[in-house]
Amino acid sequence: MAEALAVEHAIVVLRRQRVMLDADLAELYGVQVKALNQAVKRNIERFPPDFMFQLTVDEVARVRSGSVTVEADRGSNLMSQTVTSSSWGGRRRAPYAFTEQGVAMLSSILRSERAVQVNIEVMRAFVRLRRMLAENAELAHKIAALEKKYDAQFRVVFDAIRELMTPPAKEKKRIGFRVE
């Protein structure tokens, strides 16, 4: 169960897709990031752009700051090999992000027993996230429908509550001496 939580926390949203970064996957699989990326490059034909992409400098900064959010795809500005190693923790290249399909494809190139177990947990985590998002969307839709249905009937009540919540305007007391 602890491993399932680790998998769910490793899933981030970039370019409007739920992805896992190569370093997180390598840690889960118990291999070095370099070894994972070499295995991917040896089988690059299995990883089209909708399975895997390389992060841009902006995306790397957001991931490192913890402020990854859903946003529009800005293209695939691949990083140059000449970028200094201090940009992202000693790496010469930007990290790779794997979509759900990309993670599933990793199971075909990483064949250890641990890789099989990790892939099962990752697939389960993606399914749980998809289910939670669907449930939240359904709940939001129901609330919006209730607001529309009861908005006219309770408008007077809501207005009265807002009026009660507004503090009364205080008279300003004049400071100083009064001359009559």
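Q: Which residue in β2 stands opposite Val12?
A: Val12 stands opposite Val19 in β2. A friendly note before going on: this is a predicted model, in which local features need pLDDT of at least 70 and side-chain atom pairs count only at pLDDT 80 or more, while totals for chains, interfaces and linings use all residues. Residues are numbered from 1 along each chain as its sequence is written, and side-chain values use heavy atoms, with hydrogens and water left out.

Q: Why do strands β1 and β2 count as a pair?
A: Two strands pair if DSSP finds at least two bridges between them.

Q: What makes β2 and β4 a pair?
A: Three bridges join β2 to β4, so this pair also meets the requirement of at least two. β2 and β4 run antiparallel, and Met20 stands opposite Phe98 in β4.

Q: How many helices and strands does the protein have, and what makes a run of residues one of them?
A: A helix is a DSSP run of H or I with at least four residues, a strand a run of E with at least two, and both are numbered from the N terminus. The protein comes to six helices and four strands. From the N terminus on, the order is α-β-β-α-α-β-α-β-α-α.

Q: Why is Ala115 called buried?
A: Buried means under 20% relative accessible area, exposed over 50%, and partly exposed in between (1.4 Å probe, protein chains only). Ala115 has a relative accessible area of 1%, so it is buried. Its place is in helix α6. Contact means heavy atoms within 4.5 Å, and Ala115 touches Tyr29 and Leu110, leaving aside residues up to four places away in sequence. The C-alpha atoms of Ala115 and Leu28 are separated by 8.3 Å, although these residues lie 87 residues apart along the chain.

Q: How do you know that the buried residues of α2 line one face of the helix?
A: The buried residues of α2 (residues 22-29) are Asp22, Leu25, Ala26, Leu28 and Tyr29. Seen down the helix axis they fall within an arc of 160 degrees, so they line one face. The arc is taken from the directions that lead from the helix axis to the C-beta atoms. Just after α2, Gly30 takes a positive phi of about 75 degrees.

Q: What are the buried residues of α3, and what covers them?
A: Leu36, Asn37, Ala39 and Val40 are the buried residues of α3. Their arc is 155 degrees, so they too line one face of their helix. The covering elements include α2, β3 (52-54), β4 and α5. On the face turned away from the buried side, α3 carries the exposed residues Lys34 and Arg42.

Q: What makes a set of residues a nonpolar core, and which residues have the most contacts inside the largest one?
A: A nonpolar core is a set of buried Ala, Val, Leu, Ile, Met, Phe, Trp, Tyr and Cys residues joined through side-chain atoms within 4.5 Å. The largest has 26 residues, and Met20, Tyr29, Phe98 and Leu106 have the most contacts inside it. The largest share, six residues, comes from α6. Leu106 touches Leu25, Tyr29, Val40, Phe47, Phe98 and Asn119, not counting residues up to four places away in sequence.

Q: Why is the pair of Phe47 and Phe98 called edge-to-face?
A: Rings of Phe, Tyr and Trp (its six-membered ring) pair if their centres lie within 6.5 Å; planes under 30 degrees apart count as stacked, over 60 as edge-to-face and the rest as tilted. Here the centres are 6.0 Å apart and the planes are at 80 degrees, so the pair is edge-to-face. A search of the whole structure finds one aromatic pair. Both Phe47 and Phe98 are buried. Phe47 lies in the loop between α3 and β3, Phe98 in strand β4, 51 residues apart.

Q: Where does pLDDT stay under 50?
A: pLDDT is the predictor's confidence in each residue, from 0 to 100. It stays under 50 over residues 69-88. Where pLDDT is low, the predicted coordinates should not be read in detail. The mean for the protein is 76, and 71% of its residues reach 70 or more. Among the elements, α1 has the lowest mean pLDDT (69) and β3 the highest (96).
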